[in-house]
Amino acid sequence: MKKLHRAWKVCIGCAILFFCTSGLVTNAFSIYLPYILSLDGFTNTRISTLLTVRSLAGFIALFATGLYYRVLSLKKGMLLSMIMVAAGFLVYGFAGPNYPLYLLGALLTGFGYGFGSMAAIGVILDNWFETDLPVATGICGSVTGLSTLGIPTLITVLIGRIGLGNTFRLEALAILLITLLCRRLILSDPSGTGDVPFSRGQKSGEASALSAVRPSYRPVLTKKLWLIMMPATFILGGYTATAYSNLSVLMTGEGLSISATALVILVSGLSVTASKLLYGFASERFSTYKCNWVFGALTVSGLILCQLTAGKAFPMGLSIVIYSAGLGMTTIGPVVWARELSSHEDFEFNNRLFQIGFVGGTLLLSPFPGIIADRSGGSYLPAFLCFTVGAVLVTLIIQAVYRRAQDDAQPRQRP
């Protein structure tokens with residue numbers, strides 16, 4: 001039986017870590033909100049503030065990742081991010097009706113989310129994968145969708161049987177145990193392991209001398225192109241995370257029933273998960289440039305159809321599933337773009353900046369749909385029309401940058 005290359009074990013470890021630092025912190029956590037809201041003195045404003053504090057902490061952590069990982073190794077820093085998340089859930093478990101403790105928990109989970117984000121995972125994967133980086137990134141990114149499938153039901157059952165506080169504490173314990181597993185799987189880079197970065201057709205354990213210097217030729221992101229990419233990643237966060245989180249209010253506002261809305265959200269979650277995996281595989285098999293056109297077209301066409309089919313349950317639901325099928329590009333893309341448009345030395349910086357742009361857009365544009373809806377009679381369609389325009393612009397910008405960067409292709413070498 002062929003031995004699994006250590007790089008894929010690292011990929012599995014990163015996927016498990018991302019499931020905890022992103023999937024459990026953001027997607028699955030929403031199931032707790034109605035229970036927290038039912039506590040004495042808790043209001044919708046307090047709940048919103050809780051989520052804002054978490055997002056701000058994550059955003060600040062992204063800015064600090066460079067210093068954070070220079071002080072710690074990639075492995076130690078990422079494991080510590082999981083411990084932060086576990087500590088946050090533990091604080092939630094002992095908070096009871098004490099709102100300041102919930103804010104502390106939000107800070108801890110937010111920092112864990114920021115430090116354990118794709119900004120760090122992308123660097124580890126870049127160290128371990130000479131080829132198939134898009135595939136590995138797609139595998140890691142897809143696990144966040146899995147957190148919306150069975151985890152919310154499990155949390156609901158546990159809260160009904162052992163209570164809110166005990167469920168939080170049990171989740172904290174589970175994350176700590178998972179951290180021990182990740183400690184065995186995650187390694188910062190191949191140095192000292194006897195392995196070399198994964199390259200298709202290469203066996204695990206081959207002498208590192210075979211790839212001491214492996215030049216590959218890829219376009220380099222110039223300062224001018226970098227300045228164009230940053231606003232694009234900002235808009236990307238808006239029509240991806242912000243738009244997706246408002247799908248339920250969009251559908252119910254256009255007359256769809258709650259049960260139909262829940263079904264569409266479930267199917268769209270599966271669509272996003274599949275999209276992330278497919279984008280990674282297709283980028284490696286064909287080219288990222290071609291995949292950007294296909295996945296960008298899916299997102300744009302889904303948003304346009306959503307405008308045209310508003311209020312009609314099946315057509316509108318189908319349009320949202322089509323929109324979701326294109327989101328693999330918007331979530332996995334920034335890491336792949338940073339890899340393909342950067343020299344080896346600039347990858348970490350560009351990847352982190354792309355992640356900051358994405359999260360910054362998500363954070364700053366999050367009030368946008370509600371503000372527009374209040375000014376347009378309660379309909380979210382005008383906001384989604386703006387998201388459609390944003391999706392068109394980003395797709396065209398990314399492709400223009402790819403075409404322009406190819407004119408300045410330079411060698412990329414590993415030290």
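Is Ile 235 buried, partly exposed or exposed, and what is its relative accessible area? The points below take up this residue and then other parts of the structure.

1. This is a predicted model, in which local features need pLDDT of at least 70 and side-chain atom pairs count only at pLDDT 80 or more, while totals for chains, interfaces and linings use all residues. Residues are numbered from 1 along each chain as its sequence is written, and side-chain values use heavy atoms, with hydrogens and water left out.

2. Ile 235 is partly exposed, with a relative accessible area of 27%; here buried means under 20% relative accessible area, exposed means over 50%, and partly exposed lies in between, with a 1.4 Å probe and protein chains only. Ile 235 is found in helix 10, where helices (H or I, at least four residues) and strands (E, at least two) are DSSP runs numbered from the N terminus. Leaving aside neighbours within four places in sequence, Ile 235 is in contact with Gly 390 and Val 394, contact meaning heavy atoms within 4.5 Å. The C-alpha atoms of Ile 235 and Met 316 are separated by 24 Å, and these residues are 81 residues apart along the chain.

3. Helix 10 covers residues 223-245, which makes 23 residues, and reaches 33 Å from its first C-alpha to its last, close to the 33 Å expected at 1.5 Å a residue; the expected span of a helix is 1.5 Å times one less than its number of residues. Its buried residues include Leu 225, Met 229, Leu 236, Tyr 239 and Thr 242.

4. Thr 242, whose place is in helix 10, is buried, with a relative accessible area of 2%. Not counting residues up to four places away in sequence, Thr 242 touches Gly 237, Gly 361, Thr 362, Leu 365, Ser 366, Pro 369 and Phe 387. The C-alpha atoms of Thr 242 and Leu 364 are separated by 9.5 Å, although the two are 122 residues apart along the chain.

5. Glu 254 is found in the loop between helix 11 (247-253) and helix 12 (258-285). Glu 254 is buried yet has no salt bridge, and the nearest side chain of opposite charge, Lys 312, is 11 Å away. A salt bridge is a side-chain nitrogen of Lys or Arg within 4 Å of a carboxyl oxygen of Asp or Glu; for charge, Lys and Arg count as positive and Asp and Glu as negative, whereas His and the chain ends are not counted. Leaving aside neighbours within four places in sequence, the contacts of Glu 254 are with Ala 310, Gly 311, Met 316, Ser 379 and Leu 381.

6. The largest nonpolar core has 112 residues, and those with the most contacts inside it are Phe 89, Phe 129 and Trp 337. Helix 1 (residues 6-27) gives the most to this core, with 11 residues. A nonpolar core is a set of buried Ala, Val, Leu, Ile, Met, Phe, Trp, Tyr and Cys residues joined through side-chain atoms within 4.5 Å.

7. Rings of Phe, Tyr and Trp (its six-membered ring) pair if their centres lie within 6.5 Å, and planes under 30 degrees apart count as stacked, over 60 as edge-to-face and the rest as tilted. By this rule the count comes to 22 aromatic pairs. Phe 29 and Phe 89 form an edge-to-face pair, with 6.3 Å centre to centre and 65° between the planes. This pair links distant parts of the chain, for Phe 29 is in the loop between helix 1 and helix 2 (33-37) and Phe 89 is in helix 4 (residues 74-95), 60 residues apart. Phe 29 counts as buried because its relative accessibility is 2%, and Phe 89 counts as buried at 1%.

8. Phe 111 and Phe 115 form a stacked pair, with 6.4 Å centre to centre and 20° between the planes. Both lie in helix 5 (residues 99-115), 4 residues apart, about one turn of the helix. Phe 111 counts as partly exposed at 27% relative accessibility, whereas Phe 115 counts as buried at 8%.

9. Asp 132 has a positive phi of about 65° although it is not a glycine. The place of Asp 132 is in the loop between helix 6 and helix 7 (133-146), and Asp 132 counts as buried because its relative accessibility is 2%.
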